[in-house]
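Let's take a walk through a protein chain together. Have a look at the picture first, then read on.

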Amino acid sequence: MTILIAYDGSPDARAAVEFAGRALAGQAAIVVTVWEPLLVRMRRFPLGAVMIAEDLGEARSQAEQVAKEGAELAAAAGFAEVTSRVVAETESIWRTIVEVADELDVTLVVMGSRGLAGLRSVLLGSVSNHVLHHIHRPILIVPPARG
């Protein structure tokens, strides 16, 4: 069994890793962090392309740090053979997660119910909701902890 953990560093993503680690201890996990490359950003913000270009290397570097953090959290939560992977967004975050899950032929996808998408998710719908409705494999969406 191989589990894909969609991780963006948000509190909900952390809670999802911790919950899944307790429930699925000992399973192999791949922590995937999706980052937004220049061409995707330019389509969304054409007037800010120059400023965005300067941040491209930093965006990938930050995504690598987030993925590493997620992998460390997954290992501490009980997953075995944890690896991390940073993937450039192709069209949307949710579609990229579905594509990577299919490419890796994972057994299960784990993610939090809300992430860092912010205003974009309010306007376009949540990433987890889109993944749920477009993926053809089991998915575990962990809601936020009651506080």
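A residue counts as buried when its relative accessible area is under 20%, as exposed when it is over 50%, and as partly exposed in between (1.4 Å probe, protein chains only).

You're looking at a predicted model, where local features need pLDDT of at least 70 and side-chain atom pairs count only at pLDDT 80 or more, while totals for chains, interfaces and linings use all residues. Residues are numbered from 1 along each chain as its sequence is written, and side-chain values use heavy atoms, with hydrogens and water left out.

**The overall layout**

The chain has six helices and five strands. Here, helices (H or I, at least four residues) and strands (E, at least two) are DSSP runs, numbered from the N terminus. Follow the sequence along and you get the pattern β-α-β-α-α-β-α-β-α-α-β. Of the contacts (heavy atoms within 4.5 Å) with a separation of 6 or more, 77% are between residues 24 or more positions apart.

**The sheet**

Two strands pair if DSSP finds at least two bridges between them. Strands of a sheet pair through backbone hydrogen bonds, either parallel or antiparallel.

| Strand pair | Sense | Bridges | Facing residues |
|---|---|---|---|
| Strand 4 (residues 108-112) and strand 5 | parallel | four bridges | Val-110 and Leu-140 |

Strand 1 is mostly covered, with four of its five residues buried.

Helix 4 (residues 93-104) and helix 6 (residues 127-134) pack at an angle of about 45°, with their axes 8 Å apart. Axes are lines fitted to C-alpha atoms, for helices over the stretch in contact, and angles run from 0 to 180 degrees between N-to-C directions. Under 35 degrees counts as roughly parallel, over 145 as roughly antiparallel, 65 to 115 as roughly perpendicular and the rest as oblique; helix 4 and helix 6 are therefore oblique to each other. On helix 4, the contact is made by Ile-93, Trp-94, Ile-97 and Val-98, and on helix 6 by Val-127, His-130, Val-131 and His-134.
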